[in-house]
4 protein chains.
Amino acid sequence: MDGFSFSTEVRVRFAETDAQGIAHHGAFVVWLEVARVEYLERHAGGYQAIRERGLEALTTEVHLRYHRAVYFDERLTVAARCVGMRGARFRYEYRIVRGDELIADGHTSHAIVDRETSRPTRVPGWLAEAVARAESAAA
Amino acid sequence: MDGFSFSTEVRVRFAETDAQGIAHHGAFVVWLEVARVEYLERHAGGYQAIRERGLEALTTEVHLRYHRAVYFDERLTVAARCVGMRGARFRYEYRIVRGDELIADGHTSHAIVDRETSRPTRVPGWLAEAVARAESAAA
Amino acid sequence: MDGFSFSTEVRVRFAETDAQGIAHHGAFVVWLEVARVEYLERHAGGYQAIRERGLEALTTEVHLRYHRAVYFDERLTVAARCVGMRGARFRYEYRIVRGDELIADGHTSHAIVDRETSRPTRVPGWLAEAVARAESAAA
Amino acid sequence: MDGFSFSTEVRVRFAETDAQGIAHHGAFVVWLEVARVEYLERHAGGYQAIRERGLEALTTEVHLRYHRAVYFDERLTVAARCVGMRGARFRYEYRIVRGDELIADGHTSHAIVDRETSRPTRVPGWLAEAVARAESAAA
């Protein structure tokens, strides 16, 4: 997708639908996380590489705008890019599409913390570099 | 809570925690919905009153900022107010606290649609009036 | 409820419904867990009392039979009893009702393990005694 | 997998983990559903083919035995077979493995109902035949 370094596919699970007959808006938050996990796997050795160093990436903000309802079993493309790394913080931006149609967009913000102390910790150099490489290749 | 017409309690379920040992950020989206449902029940005959008239309230936007991690079995207070009704649209604002401590805040936006046609439909008068009464009492 | 030492209430969340217009069958598994947590709180100092001793209670089996569909916002009573403690293992039995109507019943099996080693560990004496007291009072 | 006509892959999502650091036992119920949906897609035109005829497949029983804990981001194979179609009812049996290791097994029971009347309805001939073909090919 234009301007995005990465995308992955999700398929709406029946358990993710609600009594309005559509995917529940909370399911999208999980799909963004699925996209981040796969982004890190493709570009930076996986989220496990962060966790194995005693770090966690906390989510500090979620913003989603829903433009179209989606239905059971539909395939969606979740595009993600990682932007704005500074200190302990970084941010992902997303577009979710069904074919050509924009379904939702938004962003999440994150902070790296030390698992033992819960204190913010500068994004490790190897991770910042992997992300910079991925995003400059996409630009 | 100051400036809020309504609050309810949620208790962090074990199923809502994740491998970071905290409540998953997606669970908060569900808690906001629990608060909306109880808000409508207290002030406007319940969400069922909307659904029984062939209407649905779609969620068109979610914005959450997470300030503190929360843990299994903690009791949280979710305060909500309904603001900015105009045409088919309205918005809720939220503060989630643990005792005196701000845990998260945010807002959601919604649109009333006709269930059969999926077309936006003006917020029914009885609902707009019930919300206006509730919010002016809180002001 | 007859033969049960404990019951609690749950209310069907909108997020727990699915596109069949009913509560998703997976939500019931979470409600059983909510009941266990409250059972332990009432009778044995809470699940946290187990976790604080470096133990975890793993779920080793879930069996649920669904007799009636349930709908958004309905209030259900989940009755639970703890039976068959032996060594590291114990079992809960459940009945979920809506008023007088049986909605679902089932059981779950559990094993106490040491968090560090993941090895099965005899149910602590204080817990076995608290459960025995609770259940003999109900009999 | 031996004796199974079908298998699919799932990957443990972070949102599916819990504060024990493992996949929550409730997530397995969703994975069984994912397997059923893909089974029907491969063998019988998809679950949508059932829904489009005004029918629903209700879940009337879930039984799961958990043999090993599973962790974030692990890939699991869910094998499923459909057995015992009779009248409105049928049943799936499952084995979930991680490589060669048995993680969980179980079954679910289902009933076809008419969406409007909620009454049990004989499994349609085309579906019974598609399942019979799939299962006899696997035997």
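User: What share of the interface residues of chain D are also interface residues in chain A, and what does that say about the surface through which the copies meet?

Analyst: In general, contact is taken to mean heavy atoms within 4.5 Å. Here, 100% of the interface residues of chain D are also interface residues in chain A, so the copies meet through the same surface. Please note that this is a predicted model, in which local features need pLDDT of at least 70 and side-chain atom pairs count only at pLDDT 80 or more, while totals for chains, interfaces and linings use all residues. Residues are numbered from 1 along each chain as its sequence is written, chains are lettered from A and ligands numbered from 1 in the order in which they are written, and side-chain values use heavy atoms, with hydrogens and water left out.

User: How many residues are in contact between chain D and chain A, and what area is buried between them?

Analyst: Buried area is the accessible area (1.4 Å probe) that two parts lose on being put together, summed over both. In this model, 18 residues of chain D are in contact with 18 residues of chain A. The buried area is about 1700 Å², and carbon and sulfur atoms give 53% of that area. On the chain D side, the most area is lost to chain A by D:Arg13, D:Phe14 and D:Phe72, together 35% of what that side buries.

User: How many salt bridges are counted between chain D and chain A?

Analyst: A salt bridge is a side-chain nitrogen of Lys or Arg within 4 Å of a carboxyl oxygen of Asp or Glu. The count between chain D and chain A is eight. A salt bridge joins the side chains of A:Arg75 and D:Glu41, at 3.2 Å from N to O.

User: Which elements give two or more residues to the side of chain D that touches chain A?

Analyst: Helices (H or I, at least four residues) are DSSP runs, numbered from the N terminus. The elements in question are helix 1 (25-44) and helix 2 (47-51) of chain D. Helix 1 of chain D supplies the largest share, seven residues.

User: Which rotation superposes chain D on chain A?

Analyst: Copies are superposed by least squares on the C-alpha atoms of residues with pLDDT of at least 70 in both. A rotation of 180° with 0.0 Å of shift along its axis superposes chain D on chain A, with an RMSD of 0.0 Å. The two copies are thus related as by a two-fold rotation axis. In chain D, the C-alpha nearest this axis belongs to D:Val10, 5.9 Å away.
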